[in-house]
Amino acid sequence: MNDFSYLKPASRQIDFDKFDDRLLLYVLKYELSFATCISCGGCTATCSAGNLTNFNVRKIGLWLRRGETEKLSEEIGKCMFCGKCTLICPRDINIRNVILLIKKRISMLKTEKEMP
Amino acid sequence: MIEKSIIIPFLIGLIYLSIIFIYRFTKWIRGLSKLDKLRLMQSLKSRRFMLSLKEIFMEGLLHHKIFLKNPILGYMHMSLAFGWFLLILIGHIEVMCAKNSIFVPFHLAIFFRYFETTKNFAFSGVFSFLMDFLLLFVLSGVCMAMLKRFKKQMFGMKRTTRLKTGDRIALISLWLIFPLRLAAESMSANLHGNGSFLTSTFGNFIGNSGSETANFIFWMLYSFSLGFFFIALPNSRYMHIFTEMLFIFVRNAGIKLKKHNNTFTDIQVYSCSRCGLCLDNCQLATAGINNTQSVYILKNIRNKNLTDEQLFNCLLCGKCEVDCPVGINTIDLRITQRIESTLQYNSSYSYLEDIPAQKADVVYFAGCMTHLTPGIISSMKKIFQMSGENVWFMDEEKAPCCGRPLMQAGQYEAASKLIFNNTKKLLGSNAKKLIVSCPICYKVFKEDYELGKMEIVFHAEYILQLIKDNVIKVNNSNERIIYHDPCELGRTMNMYDEPRSVLQETGKLIPVKNEKQTAWCCGGSLGNLKISQEERTILRNQAVEDYLQYKPDILATACPMCKKTFARHREIKVLDISEIITNSISKPTEEKITKQKTKNKIHENEFV
Amino acid sequence: MYSEIIKNLKTDVRLTEALQACMNCGICTAVCPAAEFYEYDPRSIAVSVQSENREKIIDLLESDTIWYCGQCMSCKTRCPRNNCSGLIISVLRKLSQETGAFTKSRMGRQQYLILKTIGNNILSRGYCIHPTTVVPETHPEQGPVWKWIYENMHDVYAVVGANLDCDGPGTMRKINSIDLNELNNIFIVSGGMKFFDTINHFSKLKAIEMGMVDEYGEADMEKYTQYLLQE
Amino acid sequence: MEIKSKIKWSEYNKEIAEDHFFFLRSCIRQNFNPGAEKAFISILKNNLKKDIFDDARHTTCTGIGYHTDIVPFETMQTMIARQFSLMTEKGYKNCAVSCITSFGSYNEILSTWKEFPEELAKTRDYLKKATGREFEIPENLSHGCDIIYKFRKEIAAQSNYKLINIETGEPLKIVDHIGCHYSKIFPEKGVGGFEYSKVLTEMIQAWGGQPVDYPERRHCCGFGFRQYLVKSNRSYSISNSRKKFESMEPFKPDAIITNCPGCNMFLDRWQYTLAQIEGKTYGGGTNGIPVFSYEELAGLILGYDPWKLGLQMHQVDVEPFLKKIGVRYDPELKFVGINGKYINEPLFTGCLK
Amino acid sequence: MIKNKHVAIIGGGIAGMEAAAVLAKQGLKVTLIEKEAITGGKLNDWHHLFPDFFSPKTVIDNLIAKTNHSGVNVVYNTEISKIEKLNGRFELSDERDTKFYSDAVIIASGFRLFDATLKEEYGYGIFDNVITSVDFEKLMKTEGKLLTAQKTEPKRIAIIHCVGSRDAKTGNTYCSKVCCITGIKQAIEINKILPDSEIYCFYMDLRLYGLNFDSLYLHAQKQHKIQFIRGRLSEIAERFDKSLQLKTEDTLQGRPLRINVDTVILLIGMEPGASNNLFTKNNKVTIDENGFMKPINMHENRNSSTHDGIFLAGTVICPMAVNESIENARAAAFEVISYLEKNKL
């Protein structure tokens with residue numbers, strides 16, 4: 001038999017039909033202001049953690065909307081909770097709470113063993 | 001024998017209560033850490049024991065603090081607690097006199113008028129008068145309590161706590177005890193004439209319709225109400241009556257919550273009388289947030305149904321702690337609950353690379369919030385330039401957070417990682433002084449960092465020293481200044497005077513009604529993770545509108561967060577202390593400038 | 001090595017065609033097969049080149065990124081500004097090879113492998129690909145039928161009327177030496193040969209840099225090839 | 001320059017020469033489907049009675065070298081100029097290009113020469129210096145499929161079979177795959193433009209079949225030049241092919257028709273490989289969906305012997321398809337050598353053993 | 001006296017009607033020439049106006065009342081194809097050679113809707129479940145509901161911005177300006193009738209130029225859960241179940257994105273009117289590089305064409321919203337009056 005280990009069929013495309021909305025629904029339930037995000041990037045620009053590493057608050061929001069649970073659980077721990085993003089946000093989104101809720105839901109998923 | 005049966009309900013209640021008490025108190029004390037137990041033991045042997053007793057008397061019985069805050073409410077609590085206490089005490093003395101013995105059955109005083117139908121012992125008249133008087137005293141409290149339940153405004157209270165079933169049973173039985181005692185004693189007075197001005201009057205009122213049976217029934221009801229009350233008590237808020245005593249001993253022994261729940265949490269939770277004073281002072285209510293105040297948090301911890309939405313919806317401003325008549329550490333308690341609720345949250349700050357520490361005499365840590373108020377940074381730079389000290393601006397470019405916001409969000413472990421990293425850098429600088437311009441940072445540096453001999457100085461203190469040392473000379477502009485006490489600096493760190501002393505040098509400081517301990521929270525608090533921006537704006541407006549009445553030229557703050565919050569209001573000019581100082585610095589003469597320049601050569605490169 | 005990099009970039013006529021002004025709409029990435037598979041975003045390539053930011057462009061030249069494109073040109077069809085990221089890539093790749101930047105990335109270094117196969121085929125046979133070079137061992141995905149064809153090449157091609165490796169016209173015929181000569185001359189005159197030499201040159205330098213040398217201190221390109229295949 | 005085109009593509013038709021073609025071969029086609037090119041010439045000469053010249057002297061256009069970035073643009077321009085020079089020498093003005101990559105390259109160069117005349121002058125100069133040759137720009141440049149498309153009805157008229165299931169009488173469902181460089185670079189060079197190119201679908205219709213649209217119809221097969229040619233990059237290729245198969249699967253096509261030599265081979269081979277890796281076939285059972293080039297399909301309906309067309313060189317078995325349309329063939333002769341001599345057989349055919 | 005002067009207005013849409021009413025009220029003789037059998041133009045098909053969901057019918061009814069009241073002579077079913085200046089007066093004629101004479105002309109012939117079939121990759125006219133924003137307005141007006149071609153309630157709806165705008169591939173490189181807010185308005189309308197549906201807007205930039213447009217955007221996000229994905233749609237393809245597969249890039253993430261939806265609404269832009277070219281033939285009226293009528297200058301003289309005496313009103317000049325069109329027409333009317341005053345001798 002031939003060895004096909006050099007071939008790894010894969011796709012990077014975001015597939016909206018396989019959308020993991022567990023985090024998003026949880027966040028929106030408790031922090032509706034998140035719905036108004038316009039991805040302006042103001043949060044990322046001011047972010048204390050983002051100043052030190054490639055942590056990107058705007059992308060956190062984006063991943064939340066795209067159901068990227070795994071990426072979120074990798075990245076969310078980098079936030080320092082300093083709150084600058086919340087002060088900067090032109091839509092007055094309570095970003096600190098959004099991050100807190102993501103952390104909460106991820107910790108819930110871990111105990112429920114729902115993680116992908 | 002049937003006669004004696006009236007004590008049974010009371011006795012059952014009392015036994016049940018005692019068992020619960022012994023069980024709980026033992027559990028709580030055993031649950032304290034070894035060190036805390038030692039502290040408790042030692043405090044019992046020291047002067048603190050007397051202090052605790054005094055406090056128990058002053059607060060537990062007289063309700064001195066409530067009295068100061070609200071005399072009517074204070075009287076109500078005092079009449080119930082102190083009155084009842086005296087009823088028991090005098091009652092016992094009466095029994096002792098009557099029986100001529102020190103050792104008398106403890107229940108006798110409770111049912112004395114039922115068993116002792118004669119008035120033939122020494123001072124019996126005086127006693128019966130006293131007892132009637134005390135009963136009247138207590139009854140006045142009961143009446144007020146009933147009134148308060150239905151018409152809280154009469155007591156100057158905007159809000160009162162909501163009741164649960166356990167509380168309701170206890171409340172009703174408590175309300176019934178004294179009227180029933182009055183009725184029972186009046187019956188006895190009617191039959192035996194052993195009453196005084198109150199009971200006799202009521203006894204006479206009954207006239208001929210009194211009988212032994214009715215007497216027995218009322219005394220039995222009285223006994224039942226006591227029994228019910230005792231049984232309901234452990235599951236009601238009245239548990240606080242006794243827990244509070246233990247709490248006072250424990251608190252006075254210097255025991256504090258250490259970032260995780262232990263039985264001290266329970267002691268505090270059970271010590272809460274749900275008096276509702278924390279409701280009135282909580283600014284959140286202005287914004288329509290009415291279910292997250294400390295009393296509800298304590299209740300929900302007890303009932304194990306605390307939600308994140310409640311727990312994290314608190315400004316951590318500390319106003320409730322100031323007012324708490326029991327002295328519960330509401331802030332510590334809440335933060336501990338936050339820590340417990342976020343234990344599973346992960347965090348990773350491996351990216352906090354080792355930025356080499358710079359050797360300096362003084363380190364300046366601006367903090368995240370100050371980075372959003374560049375006016376404060378440039379003022380601080382000017383001030384450092386004048387001081388001529390060798391300053392390292394630690395977070396000028398790569399700015400890690402101090403860790404306090406994480407603490408406030410309950411993520412203690414994550415905060416510790418930041419603290420560890422910052423500590424390493426701070427110690428590496430070999431500086432003697434760390435200057436911070438943000439109270440949020442100041443608090444965490446003071447309380448949670450271990451920086452050895454390094455002195456942690458708030459910028460107001462530092463500026464004050466520079467003024468005293470004549471390094472900075474300021475002009476007094478006579479502008480009307482209101483100083484806003486930041487929560488994290490005032491109520492929780494007790495720094496009230498230094499900022500005021502600084503401001504007095506530059507303008508006319510106007511005293512306002514809500515200052516120091518009772519100062520407003522600006523609404524911007526990082527402690528609250530749930531409040532919406534609209535709600536924050538309501539809080540801010542509440543403060544600003546109050547300040548505007550005094551027609552200030554400047555609203556001075558010592559906190560970048562407060563500054564940022566107030567600055568969104570268009571009608572008030574907000575400046576940080578450091579900015580006010582740099583604005584009012586007297587222009588140094590030419591000679592001085594050159595002198596300064598040579599002195600500050602290194603720093604000019606750094607900061608200009 | 002990167003002096004005048006921006007100027008060199010802009011002198012390529014293909015860039016004039018390929019990049020008007022990008023408005024960052026992402027229509028190219030939406031259909032890009034490379035974006036489907038790699039951490040690749042043609043939109044951001046266009047934006048980087050448009051920025052004419054030296055650092056960004058040098059980063060690109062030295063990165064794997066520019067080597068992800070599969071040159072299908074799907075991006076060309078849809079662009080609302082008539083740009084073509086695929087063609088921008090061609091320009092960048094050319095520059096990367098001219099400057100030697102390609103040896104700094106794993107994907108870039110593969111150019112040496114391609115040169116050794118496709119380049120060699122072109123010059124020596126006049127074909128880009130020849131059946132004898134599609135060896136079943138290195139092409140397991142070609143399957144058992146191809147293995148059968150490969151093993152019975154002469155017969156199978158003859159049956160379908162091909163003229164494998166023979167003179168005269170027809171399928172897979174042998175390209176005679178006169179035509180091959182013309183081809184080689186074209187490569188010499190038009191810069192193709194020089195380009196081959198450049199790729200060879202920088203690959204050798206890389207091999208030496210990586211310590212792959214023979215006993216005379218010359219680059220050991222056999223070893224380098226093996227390294228690239230394993231990389 | 002911004003082109004202000006308001007072409008209604010569904011009504012657009014490109015110009016395709018009538019007769020007298022100079023044939024330009026494809027490297028990949030010759031390698032993997034040598035019978036198809038042979039059939040193309042035969043169809044033009046014998047069935048359509050056209051003049052097509054197969055010049056032994058022409059070489060690769062170096063398009064694969066260009067798109068793998070080892071051959072500079074100038075060199076490819078000169079190489080293509082040499083092909084034109086051979087054409088000019090033989091007195092032809094119309095090119096018939098077999099390869100899609102070449103077709104794209106020829107068009108790219110013709111467009112460049114139009115847009116930048118200095119590039120044309122430079123190329124003339126290079127060619128002259130290198131070979132002493134001169135050349136004329138062809139009047140018409142058509143891909144092989146364009147020509148078959150143009151004469152699809154004539155072919156249908158001469159055909160022995162139709163793309164109809166002889167048992168059910170239903171037209172066969174056929175998906176088309178257009179090589180990317182056919183009209184993605186220059187939509188106006190393709191029949192009907194790019195989005196809904198008619199070049200293959202109208203062939204299918206003319207021959208009795210039913211073209212089927214599917215979501216990933218326009219997606220690249222995944223060749224990606226360097227992405228396939230370097231072994232460690234081949235996951236790119238298979239991933240993109242898989243995307244296509246997954247998308248066409250619900251439509252249950254009877255066959256795939258392509259106009260590109262590379263796509264033809266890849267869509268055939270990757271079905272086998274995917275089955276080996278993931279155990280999944282797209283054609284039902286152990287077989288895949290047969291993949292035909294337009295010449296192979298034209299040859300089949302015209303009654304060419306499947307084994308002369310080279311259909312035995314496909315990994316996916318074509319026999320089920322042949323049976324559907326009723327082609328008479330001798331299964332015994334599938335794997336024989338020259339003169340009917342017995343040679344080995346492949347280990348297995350189809351996608352799974 | 002300019003009261004005897006005659007003004008011809010080409011186009012009985014909202015701009016033409018407004019200009020006609022204003023001029024007639026000033027006592028001028030006004031002929032309003034409309035190619036259809038009714039006035040009101042394309043607004044007749046519209047259901048609601050952005051950003052306040054105002055009724056277009058009210059606008060049209062008021063304009064009709066205004067024109068009737070002021071004595072405008074409305075000529076229906078007449079499409080002017082030629083404007084000429086003869087002996088100091090304008091001669092307007094149609095294909096049937098009906099002639100009108102006037103002292104001044106206002107061209108208010110409006111715009112043309114982008115033909116979405118030109119954007120082949122979006123499958124309009126090919127897939128049943130792809131409709132345009134105009135189709136949607138008509139649907140809402142006539143049936144008040146949105147169903148798929150299979151007569152089911154769509155679960156997911158995509159709204160595609162910039163169809164035929166800012167696109168060299170369709171030859172329109174300008175922005176149609178009103179589509180972004182129309183998309184948001186329609187998204188909200190869909191959410192109102194199909195509260196459980198998911199609605200996605202695919203956009204490049206949201207060009208919400210008007211007051212309250214951005215607050216409508218905020219409202220759409222917060223109250224109606226409309227999702228906005230930044231990425232230009234690349235293609236639409238029909239799946240086996242007749243749902244539609246959309247491909248775009250999530251540009252904020254830099255990754256290709258695929259989504260299956262039940263219905264697609266294409267926000268088609270405004271194109272120059274078909275007759276613009278005809279008008280340039282016999283006089284000095286010119287069109288700009290996009291094909292819209294060219295004013296003398298776009299800042300102070302937007303209503304004057306490059307031919308003295310011929311004026312422009314509404315969307316012949318550029319894409320405009322209803323309110324702008326009406327205001328613009330009013331301004332054109334006053335330009336006409338001052339022109340006639342100046343030339344009264």
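Reply: Two strands pair if DSSP finds at least two bridges between them. Strands (E, at least two residues) and helices (H or I, at least four residues) are DSSP runs, numbered from the N terminus. This is a predicted model: local features need pLDDT of at least 70, side-chain atom pairs count only at pLDDT 80 or more, and totals for chains, interfaces and linings use all residues. Residues are numbered from 1 along each chain as its sequence is written, while chains are lettered from A and ligands numbered from 1 in the order in which they are written.

Start with chain B. Its open sheet has 4 strands, in the order E2-E1-E3-E4, and the pairing is parallel. Strand E2 (391-393) and strand E4 (455-458) of chain B are the edges; each has a single partner strand, so one side of each has no neighbour in the sheet. On average, neighbouring strands of this sheet are turned by 25° against each other, direction ignored. (Angles run from 0 to 180 degrees between N-to-C directions, and axes are lines fitted to C-alpha atoms, for helices over the stretch in contact.) Look at strand E3 (residues 433-436) of chain B, which runs parallel to E4(B) and is joined to it by 4 bridges. Here Lys433(B) faces Glu455(B) across the pair, the latter in E4(B).

Now chain E. An open, parallel sheet has 5 strands in the order E9-E16-E10-E11-E12. Which strands of chain E stand at the edges? They are strand E9 (130-132) and strand E12 (227-230) of chain E, and each has a single partner strand, so one side of each is left without a neighbour in the sheet. From one strand to the next, the twist averages 25°. Strand E11 (residues 198-203) of chain E pairs with E12(E) in the parallel sense, over 4 bridges. Within that pair, Phe202(E) has Ile229(E) in E12(E) as its bridge partner.

Helix H4 (residues 179-193) of chain E lies across strand E10 (156-163), E11 and E16 of chain E, and runs at about 170° to E10(E).

Chain E also has antiparallel pairs. Take strand E4 (residues 80-86) and strand E5 (residues 89-94) of chain E: 6 bridges link them in the antiparallel sense. Ile80(E) sits opposite Asp94(E) of E5(E). Their hairpin has 2 residues between the strands, and Asn87(E) takes a positive phi near 50° there.

E5(E) pairs again. With strand E6 (residues 99-102) of chain E it makes 4 bridges, also antiparallel. Leu92(E) has Phe100(E) in E6(E) as its bridge partner. This hairpin, of E5(E) and E6(E), has 4 residues between the strands, and Asp97(E) takes a positive phi near 70°.

One further hairpin lies along chain E. Strand E18 (residues 295-297) and strand E19 (residues 301-305) of chain E are antiparallel, with 2 bridges. The hairpin passes from E18(E) to E19(E) through 3 residues. Asn297(E) is bridged to Asn301(E) in E19(E).

How values were computed
Two residues are in contact if their C-beta atoms, placed from the backbone, lie within 7 Å.
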